[in-house]
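Here is a quick tour for anyone opening this structure for the first time. Have a look at the sequence and the model, then read on.

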Amino acid sequence: MFTQSVLKNKCYIFSKRDFNDDYSNIPERKINMMLSGKCLCNFPKMLDEIKFDEYPTHNQISSLQNIIKKKLNTSLEITLGSGANGIIQNLVKLTFIKGGNLVTPFYTFNQVEYAVSAMNCFTKRVFMDDNHIDFQKLLKSVDKNTRMIYISNPNTPTGDFVDSDVLLSYINKISKKILIVIDESGIEFTNKKSLIEYSLPNNVIILRSFSKAYGLSGLRIGYMLSSKKFANKYKENIAGYDVSIFSCKMAEFLIEKNLYKENVKLILKEREWLKNELQKLNIHTYTSYSNILFTKNTFNDIFLKALYDSEISVVPVYDETNRMHVRIAIQDSVTNKKFIATLKNLITGGKIL
């Protein structure tokens, strides 16, 4: 179970958790519903085009940056990194070198908090409003020691999405001295307007990933969109070659061929099927704009053990009152069907619920 609060008030929990709490430490079972980077379409073979004995060159990195910039039709600077998570780790190192606190919704991508804890700093996990981000509480939680605000949109683990105009309204109320990181790693699943389509203050950073819609989670590649000034600051302090030539080539190829669209289509189809099948088992989930489902139901450790004993891996997520919800990542059709069948047998056998 996650290490919980140190101090409570009406808006947030003052928290410090480390990488031991990461779900990557949960042993995966045969029916693994934890990992959210999946490719359900077939990748073309292109290994013969990759030279594995070469580092990614400046030209290769620049080529991918320009392709991304053209695809997104943006004037923002593109900076590559080892997945969105790798960029997060670097942003935290840059931002918290002199201390401070992070403000983020109670439910979010936990890696940013773990990185802040590694800098011996604390996180304010702001209470939600029925698992939606409460922007009034988020605003009240910011103080003179706040160095970063992190928002995942669509959110992990809830799958919720905040319209960009609402998000921008909140951003404009925050001091320009505070770095605001908006993680859009799953936005390709939403058909919603991205924040990059707006005029943004220089303190706003947007993250994107090739792990979700593009299915390149194993290659660890993502990128940051920022002002030129911040991109230069990042470049001055962070090594530029933390991506592989294989990652760059694959990302470039998939962008040019628009192959992610087929993967998104297949994942969304599986998501709706899985949501409906769970509902038949009286397990209800929140509306998702991502490639994950988050249960409204709460469970206990007996439920979790029964799943693990039946070779099912899920991610337990604890709410503000320490009740356990479950985050389910969409897998391929075969795995999803095995998951539902096994779950149904456990329920009808009276072992859970």
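Predicted model: local features only at pLDDT ≥ 70, side-chain atom pairs only at ≥ 80, totals over all residues.

## Before we start

## The big picture

The protein has 10 helices and 14 strands. Of its 353 residues, 56% are buried.

## Strand β4 and its partner

Strand β4 (residues 77–81) and strand β10 (residues 222–226) run antiparallel and are joined by 5 bridges. If you want a spot to look for, Thr79 has Met224 of β10 as its bridge partner.

Why is β4 said to be largely enclosed by the rest of the structure? Because 4 of its 5 residues are buried.

## Around strand β7

Strand β7 (residues 146–152) is another one to find: 6 of its 7 residues are buried, so the rest of the structure largely encloses it. It pairs with strand β5 (residues 101–105) in the parallel sense, over 3 bridges, and here Val103 has Ile149 of β7 as its bridge partner. Strand β8 (residues 179–183) also runs parallel to β7, with 5 bridges joining them. In that pairing, Ser152 stands opposite Asp183 of β8.

What do β7 and β8 make together with helix α5 (residues 164–171)? They form a right-handed β-α-β unit.

In soluble globular proteins, nonpolar side chains tend to be buried together. Here the largest nonpolar core has 82 residues, and the members that touch the most others are Leu80, Ile151, Leu195, Phe210, Leu274, Leu278 and Phe339. Helix α7 (residues 245–257) is the top contributor to this core, giving 6 residues. Apart from this core lies another one of 22 residues, among them Leu179, Met224, Phe230 and Tyr234.

Leaving out residues up to four places away in sequence, Ile151 touches Pro105, Ile133, Phe135, Leu138, Leu167, Tyr170, Val181, Ile182 and Asp183.

## Two helices side by side

Two packed helices are described by the angle between their axes and the distance between the axes. For helix α8 (residues 260–280) and helix α10 (residues 333–348), the axes come within 11 Å and cross at roughly 5°. Angles under 35 degrees count as roughly parallel, and α8 and α10 are therefore roughly parallel to each other. On the α8 side the contact is made by Glu270, Trp273, Leu274, Glu277 and Leu278; on the α10 side it is made by Ser333, Asn336, Lys337, Phe339, Ile340 and Leu343.

## A three-stranded sheet

Finally, find the open sheet of 3 strands, which come in the order β11-β14-β13 with antiparallel pairing. At the edges stand β11 (292–294) and β13 (315–318); each has a single partner strand, so one side of each is left without a neighbour in the sheet. On average, neighbouring strands of this sheet are turned by 30° against each other, direction ignored.

Between β13 and strand β14 (residues 324–329) there are 4 bridges, in the antiparallel sense, and the bridge partner of Val317 is His325 in β14. Which helix lies across β11 and β14? That is α8, running at about 25° to β11.

Terms used: Residues numbered from 1 in each chain as written. Heavy atoms only, no water. Core = buried A, V, L, I, M, F, W, Y, C linked by side-chain atoms within 4.5 Å. Buried < 20%, exposed > 50% of the residue type's maximum accessible area, 1.4 Å probe, protein only. Helix = DSSP H or I, 4+ residues; strand = E, 2+ residues; numbered from the N terminus. Contact = heavy atoms within 4.5 Å. Pairing = 2+ DSSP bridges. Right-handed = clockwise from strand over helix to strand, strands pointing away. Axes fitted to C-alpha atoms, helices over the stretch in contact; angles between N-to-C directions. Parallel < 35°, antiparallel > 145°, perpendicular 65-115°, else oblique.
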